[in-house]
Amino acid sequence: MHSKKRIILWSVIATVLLAGVICIFCLLFNRPLQLTQPTFIYIDGDDTADSVYVKIQHDLHGKHLAGFRMLSRFKSYDKHIHTGAYRFDAQTNTLTLFRRLSSGHQTPVKVTIPSVRTLDRLAHSLDRQLMADSTEIFTLMCDSSFCDSLGFTYETLPALFIPNTYEVYWNMQAKDFFQRMKKEYNRFWNEERKAKAKAAGLTPVEVSTLASIVEEETANRGEMPMVAELYLNRLQADMPLQADPTVKFSLQEFGLRRILHKHLEADSPYNTYKHTGLPPGPIRIASIQGIESVLNHAQHDYLYMCAKEDFSGTHNFAVTFAEHQANARRYQQALNKRNIR
């Protein structure tokens with residue numbers, strides 16, 4: 001009889017202890033994060049265990065970190081911190097949070113390559129999207145040996161980047177990022193596109209260079225193939241392109257609304273009023289739309305164009321210089337009427 005009572009007593013004690021262990025486990029390791037939507041936490045190269053705790057509290061609204069701290073001490077997390085971007089949601093508990101961070105099981109992030117005018121602007125954009133900072137990225141852009149290893153120069157490097165959104169790991173090295181962009185460049189320039197470029201008498205880099213000028217000349221997508229063909233006609237006739245955007249680029253004055261004679265005197269290989277042929281490289285990172293407008297250029301005989309006097313952003317096209325002068329007069333009169341100097 002006493003034996004049965006002992007068994008019952010120990011069973012009750014064991015049950016209570018087990019329940020207590022389960023409660024403690026749930027309180028320490030099974031508490032879900034207080035998130036209303038999936039959220040990223042970013043672990044940098046200079047983060048410590050303490051700074052990670054702060055990020056969890058601030059970014060993930062983690063309020064009960066006793067379990068996390070216990071696991072951190074037991075597993076020496078401070079000696080094995082993995083950089084990266086980690087995405088968590090409201091179902092994530094303390095144990096899963098620790099396992100992901102301590103194992104370095106990060107989440108890919110989306111990086112968007114913008115169609116910007118200069119490489120330093122691109123570097124600053126990437127600085128906000130990757131762990132690598134803008135100085136490190138821009139230093140590689142200016143490294144002639146590194147550019148050469150990719151098959152580019154500093155001047156032609158903008159052609160490497162195809163504006164799109166890519167999935168990458170946030171903590172990837174800057175050099176690895178450039179290698180990834182080279183793979184995307186090779187994927188983009190398939191046999192069909194290379195054949196179209198060749199038919200136009202251009203290399204892929206030259207297509208991007210011309211596309212960058214076309215995009216600076218017109219924001220009207222429907223007009224882009226027309227503008228592309230006009231410049232191809234000029235190249236074939238060995239005429240200078242005389243593209244105003246290349247003058248702005250040579251001066252690094254992108255806000256100029258009126259190109260004057262003094263601007264045309266800029267001593268730069270990018271000044272297509274002084275130099276025939278294409279400039280040394282793109283004057284912006286050409287968009288896919290711009291590249292396609294060159295590859296699928298229109299068919300016409302126009303050699304001249306001038307912005308329309310209605311300031312619609314489109315152009316009047318002309319075959320002869322006399323026609324062009326008439327178009328230009330109307331535009332100059334419109335500029336004078338609006339007092340644009």
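**Note on salt bridges and one buried serine**

1. E191 and K194 form a salt bridge, with the closest N and O atoms 3.3 Å apart (a salt bridge being a side-chain nitrogen of Lys or Arg within 4 Å of a carboxyl oxygen of Asp or Glu). Both residues lie in helix 9 (residues 191–199), three residues apart, about one turn of the helix; helices are DSSP runs of H or I, at least four residues, numbered from the N terminus. E191 is exposed at 59% relative accessibility, whereas K194 is partly exposed at 36% (buried is under 20% relative accessible area, exposed over 50%, partly exposed in between, with a 1.4 Å probe and protein chains only).

2. The model is predicted: local features need pLDDT of at least 70, side-chain atom pairs count only at pLDDT 80 or more, and totals for chains, interfaces and linings use all residues. Residues are numbered from 1 along each chain as its sequence is written, and side-chain values use heavy atoms, with hydrogens and water left out.

3. The salt-bridge count is 11. One network links D44, D47 and K55.

4. In helix 8 (residues 174–188), E184 and R180 are four residues apart, about one helical turn. Their side chains form a salt bridge at 2.9 Å, N to O. E184 is buried at 12%; R180 is partly exposed at 22%.

5. R284 forms a salt bridge with E216, the closest N and O atoms being 2.2 Å apart. R284 lies in the loop between helix 13 (261–264) and helix 14 (288–295) and E216 in helix 10 (residues 204–217), so the pair ties together parts 68 residues apart in sequence. R284 is buried, at 14%.

6. S134, in helix 6 (residues 134–141), is buried at 13%. Leaving aside residues up to four places away in sequence, S134 touches A123, H124 and D127 (contact means heavy atoms within 4.5 Å).

Methods
Helix = DSSP H or I, 4+ residues; strand = E, 2+ residues; numbered from the N terminus.
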